[in-house]
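Me: Please examine the structure below with me, one question at a time.

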Amino acid sequence: MEESKARKLIIEVGKLLYERSYVVSSDGNVSIRLDENTVLATPTMTSKGRMTEDCLALTDLDGKPLNDRKASSELAMHTLIYKMRPDIKAVCHAHPPHGTAFAVAGLAIDAPILSEVILTLGCVPLTDYGTPSTDELTDAMKPFVEHHNALLMANHGAVAYGEDLWQAFDRLETLEHTAKIAILAKALGGANDLPKDAISKLINIREKAGYLTESARCQACGYLEDANIPCELDGNSHNKTNSNGTKISLTREELIELLAQAAKIG
Ligand SMILES: [Zn+2]
């Protein structure tokens, strides 16, 4: 992405993050990957609501400065995501109050309560607590980055990422909105979960439409496991790899059928 455009975009999104109370004071950080090895990031100790285009820091993917501005101390969170996910071009980290309340309470945002959220965002897992700006934080994120587009970090906040900065921001906004609705529903006596077969249908639609790939099926996510939806992570995976190394996935019915056939042959 062109650097001058990226600078304008980061200022615009920074203002929104501040105005919507997703950050206060100098909290949070935003970045855009300009090319394979260059990142434009918000500076350290600066309110996201009062940034200017010339205050932004340029670094390489290892966080090495490429201009005279100092990037946020949490830049490693961004560079980890860029290294693990070549499809990702922008990252938004903030402390939105409802989402962060989940993170403080030790809860993931993974109840199947809103069809739109299953379609466009998927589950938001909770990663273990890690001291900000240290390897603890990035190590805790590693197992989840591949399979999710937004994460909660225990006793800290949220991070969302996307193919461009608007997609990253939208995902953060959906995370916060979902958390708010879940909290309000709890105050009204509790949210009703979507039925399991409805979840399967939504997963199929989102993969067909290309909203989320199969890698978003994650065992860390309560409802996917409950609904017996095949998962890509190790452990509870029902996915099989054939001899060509190509992944195929089986529905529960197909798996039962296959096992039944195998039993007959045996
Ligand atoms: Zn933070």
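Me: What is the geometry of the site of the zinc ion?
Reply: This is a predicted model, in which local features need pLDDT of at least 70 and side-chain atom pairs count only at pLDDT 80 or more, while totals for chains, interfaces and linings use all residues. Residues are numbered from 1 along each chain as its sequence is written, and side-chain values use heavy atoms, with hydrogens and water left out. The four donor atoms here make angles of 85 to 150°, and the site is irregular.

Me: Which residues are the protein donors of the zinc ion?
Reply: Donors are N, O and S atoms within 2.8 Å of the metal (3.2 Å for Na, K and Ca); water is not among the atoms, so sites may look incomplete. Along the chain the donors follow the spacing E-x18-H-x1-H-x60-H. Lying 2.0 to 2.7 Å from the zinc ion, they are Glu-74 (OE), His-93 (NE2), His-95 (NE2) and His-156 (NE2).

Me: Is His-95 buried or partly exposed?
Reply: Buried means under 20% relative accessible area, exposed over 50%, and partly exposed in between (1.4 Å probe, protein chains only). His-93, with a relative accessible area of 0%, is buried. His-95 has a relative accessible area of 22%, and is therefore partly exposed.

Me: How many residues of helix α2 are buried?
Reply: Helices (H or I, at least four residues) and strands (E, at least two) are DSSP runs, numbered from the N terminus. Helix α2 spans residues 75-84 and is mostly covered. Its buried residues include Leu-75, Met-77 and Tyr-82. Of the 10 residues in α2, the number buried is seven.

Me: Where is Ala-216 placed, in terms of α7 and α8?
Reply: Ala-216 is buried, because its relative accessible area is 10%. Not counting residues up to four places away in sequence, Ala-216 touches His-147, Arg-206 and Leu-224, where contact means heavy atoms within 4.5 Å. Its place is in the loop between α7 (196-209) and α8 (222-226).

Technical notes:
Four donors count as tetrahedral if all angles lie between 85 and 135 degrees; four count as square planar and six as octahedral if opposite donors are over 155 degrees apart and all others between 65 and 115; anything else is irregular.
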